[in-house]
Amino acid sequence: MKIAIGNDHAGTDYKYAIVAYLESKGISLTNYGTDSEASVDYPDFVHPVANDVETEAVDMGIIICGSGNGASMTANKHQGIRCALCWTVEITKLARQHNNANILSIPARYVSQTQAVDMVDAFLNTVFEGGRHQNRVEKIPVK
């Protein structure tokens, strides 16, 4: 499995915790995030993640900013992206099961690092149910 990760200044410490977790599982990473807490513009770090997911250079993406909203909005501008802003493990699982989310957006200012890692674990280990949800997912892109 290969994951792209991107973050702004609010998500730097979270990224380090998530990267350590993913590396412990032997998961390959592409890091597009900042490694600093100096203010940056989140789209600069989110668009590369979304591009990699959209072109299937990676299997999934993880993005982190303060509220998760700006990052999620940016990622969802890409036609092939289904980015889910999640704040609990349950919502994360549902985003995968029902919406086939391919990018997880984490709100660093509203969840703990432990919660964020648990959400990443759920995101990577939950499968899309398909079935009745497949038709809905197919209607998401604007054609």
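Where is Asn100 found? Asn100 sits in the loop between α4 (89-99) and β5 (103-107). This is a predicted model. The protein chain has 6 helices and 5 strands. One salt bridge is counted, and two residues, Glu56 and Asn100, have a positive phi without being glycine. The points below take these topics in turn.

**Overall fold**

- From the N terminus on, the elements run β-α-β-α-β-α-β-α-β-α-α.
- Along the principal axes, the C-alpha atoms fill a box of roughly 45 × 30 × 25 Å.
- Among contacts with a separation of 6 or more, 68% join residues 24 or more positions apart.

**Surface and charge**

- Of the 143 residues, 48% count as buried.
- The protein chain exposes about 7,100 Å². Carbon and sulfur atoms supply 48% of that area.
- There are 12 positive and 16 negative side chains. The centres of the two sets lie 10 Å apart.

**The salt bridge**

- The count comes to 1 salt bridge. Asp35 and Lys15 form it, and their closest N and O atoms are 2.4 Å apart.
- Asp35 lies in the loop between β2 (28-31) and α2 (43-54), while Lys15 belongs to helix α1 (residues 12-24), so the pair ties together parts that are 20 residues apart in sequence.
- Asp35 is partly exposed, with a relative accessible area of 48%. Lys15 counts as buried, at 0% relative accessibility.

**Tyr16 in helix α1**

- Tyr16 has its place in helix α1.
- The relative accessible area of Tyr16 is 41%, so this residue is partly exposed.
- Tyr16 and Gln113 are 97 residues apart in sequence. In space, they are 9.7 Å apart, C-alpha to C-alpha.

**Thr30 in strand β2**

- Thr30 has its place in strand β2.
- Thr30 has a relative accessible area of 17%. Buried means under 20%, so Thr30 counts as buried.
- Leaving out residues up to four places away in sequence, Thr30 touches Lys2, Ile3, Ala4, Ile5, Asp52 and Val58.

**Thr74 in helix α3**

- Thr74 lies in helix α3 (residues 69-75).
- Thr74 is buried, with a relative accessible area of 9%.
- Thr74 touches Tyr42, Pro43, Val46 and His47, again not counting residues up to four places away in sequence.
- Thr74 and Phe45 are 29 residues apart along the chain. Their C-alpha atoms are separated by 9.9 Å.

**Backbone exceptions**

- Most residues other than glycine have a negative phi.
- Glu56 has a positive phi of about 65° although it is not a glycine. Glu56 lies in the loop between α2 and β3 (60-65).
- Glu56 is exposed, with a relative accessible area of 68%.
- Asn100, also not a glycine, has a positive phi of about 50°. The loop that holds Asn100 runs between α4 and β5.

Terms used: Residues are numbered from 1 along each chain as its sequence is written. This is a predicted model: local features need pLDDT of at least 70, side-chain atom pairs count only at pLDDT 80 or more; totals for chains, interfaces and linings use all residues. Side-chain values use heavy atoms; hydrogens and water are left out. A salt bridge is a side-chain nitrogen of Lys or Arg within 4 Å of a carboxyl oxygen of Asp or Glu. Helices (H or I, at least four residues) and strands (E, at least two) are DSSP runs, numbered from the N terminus. Buried means under 20% relative accessible area, exposed over 50%, partly exposed in between (1.4 Å probe, protein chains only). Contact means heavy atoms within 4.5 Å. Accessible areas come from the Shrake-Rupley method with a 1.4 Å probe; for residues, only the protein chains shown count as cover. Lys and Arg count as positive and Asp and Glu as negative; His and the chain ends are not counted. The place of a charge is taken as NZ of Lys, CZ of Arg, CG of Asp or CD of Glu.
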